[in-house]
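The sequence and the structure come first.

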Amino acid sequence: MKVLVPVKRVVDYNVKVRVKSDQSGVDIASVKMSMNPFDEIAVEEATRLKEKGVATEVLAVSCGVTQCQETLRTAMAIGADRGILIQTDAELQPLAVAKLLKVVCDKEQPSLVILGKQAIDDDASQVGQMLAALLGWPQATYASKIEVAGDTAKVTREVDGGMEIIDLKLPAIVTTDLRLNEPRYVTLPNIMKAKKKQLDTVTPQDLGVDVAPRLKTLKVSEPAARKAGVKVADVAALVDKLKNEAKVV
Ligand code: AMP
């Protein structure tokens with residue numbers, strides 16, 4: 001069984017991004033970039049499926065600039081067997097990514113695609129769902145447990161007030177939630193081994209996909225700065241302020 005894991009290169013979660021002065025977006029020049037954390041969880045899960053003997057091959061796919069090769073190498077250091085870079089300098093919106101991944105799925109015929117539930121840069125949470133729709137495959141989003149048996153996957157999802165457990169007939173799409181697993185620490189020997197793994201590069205044109213953006217960003221702005229707080233002398237003063245200034249009680 002082949003498992004395909006799309007991995008996105010995003011601004012590292014520790015970086016505090018700044019809005020560009022022309023408000024056209026955020027400044028990502030010379031900031032640290034890393035694999036989207038939910039995708040690390042997806043690669044970890046696929047690797048565990050391989051270690052259990054359920055999966056036979058883990059394929060990582062990244063769409064974007066040349067440097068996404070580093071993201072693919074990290075995926076291979078965790079445990080992916082090979083990588084495909086769909087290289088483009090174009091701005092990729094979720095629908096374009098889903099269309100690119102659909103063509104790769106048509107060619108590679110994975111039984112399972114595990115994506116992150118969302119990319120922490122655009123917070124779109126759309127690619128998995130769009131890919132499922134384009135392929136006509138069943139989907140389970142926000143998985144906190146995945147068990148594969150035969151041609152079915154049993155997926156546990158955390159929902160308001162409890163757990164939902166659903167059976168999916170493979171091939172299927174699953175997106176990862178934070179609690180699915182804790183990705184392993186990537187060791188130096190595995191980083192070295194990953195350098196020798198197969199990494200193929202194609203372009204959207206090779207795949208016959210038009211990636212032109214469908215949405216236009218009008219403006220990006222910082223959240224309004226919060227006013228400084230004040231210290232109150234006692235509870236009575238606090239209640240007075242809440243009643244007469246904030247008028248919330
Ligand atoms: P999003 O819908 O943009 O929040 O992304 C959800 C998931 O889709 C991510 O966690 C990745 O698994 C996958 N994905 C999104 N963009 C890309 C990309 N450029 N390359 C590879 N995978 C991607």
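A salt bridge is taken here as a side-chain nitrogen of Lys or Arg within 4 Å of a carboxyl oxygen of Asp or Glu. By this rule the count comes to 16 salt bridges. The model is a predicted one: local features need pLDDT of at least 70, side-chain atom pairs count only at pLDDT 80 or more, and totals for chains, interfaces and linings use all residues. Residues are numbered from 1 along each chain as its sequence is written, and side-chain values use heavy atoms, with hydrogens and water left out.

## Overall layout

The chain has seven helices and eleven strands. Helices (H or I, at least four residues) and strands (E, at least two) are DSSP runs, numbered from the N terminus. The C-alpha trace spans about 65 × 45 × 40 Å along its principal axes. Of the 249 residues, 40% count as buried. Buried means under 20% relative accessible area, exposed means over 50%, and partly exposed lies in between (1.4 Å probe, protein chains only).

## Salt bridges

| Asp81 | Lys50 | 2.6 Å |

Glu44 counts as buried because its relative accessibility is 2%, while Arg184, at 29%, counts as partly exposed.

Glu51 is exposed, with a relative accessible area of 55%.

Asp81 forms a salt bridge with Lys50, the closest N and O atoms being 2.6 Å apart. Asp81 lies in the loop between helix 2 (68-78) and strand 5 (82-87) and Lys50 in helix 1, so the pair ties together parts that are 31 residues apart in sequence. Asp81 counts as partly exposed at 23% relative accessibility, and Lys50 counts as partly exposed at 29%.

## The ligand site

A residue is near a molecule or strand if one of its heavy atoms lies within 4 Å of it. Of the 18 residues around the ligand, Asp39, Ala119, Ser125, Gln126 and Val127 come nearest. The shell divides into nine nonpolar, six polar and three charged residues. In this division Ala, Val, Leu, Ile, Met, Phe, Trp, Tyr, Cys and Pro count as nonpolar, Asp, Glu, Lys and Arg as charged, and the others, Gly among them, as polar.

Which strands each supply at least two residues of the shell around the ligand? They are strand 4 (57-64) and strand 6 (112-116). Strand 4 gives the most to the shell, with three residues.

A nitrogen atom of the ligand is 2.9 Å from a polar backbone atom of Cys63. An oxygen atom of the ligand is 3.4 Å from a polar backbone atom of Ala124, and a backbone N or O atom of Ser125 lies 2.7 Å from an oxygen atom of the ligand. Taken alone the ligand exposes 480 Å², and the protein buries 98% of that. Accessible areas come from the Shrake-Rupley method with a 1.4 Å probe; for residues, only the protein chains shown count as cover.

## Loop residues

Asp12 lies in the loop between strand 2 (9-11) and strand 3 (33-35). With a relative accessibility of 7%, Asp12 counts as buried.

Tyr185 is placed in the loop between strand 10 and helix 5. Tyr185 counts as exposed, at 73% relative accessibility. From C-alpha to C-alpha, Tyr185 and Asp151 are 31 Å apart in space, and they are 34 residues apart in sequence.

Val232 is found in the loop between helix 6 (204-207) and helix 7 (235-244). At 32% relative accessibility, Val232 counts as partly exposed.

Conventions: A polar contact is a pair of N or O atoms within 3.5 Å; within protein, one must be able to donate a hydrogen and the other to accept it, and residues adjacent in sequence count only if both atoms are side-chain atoms.
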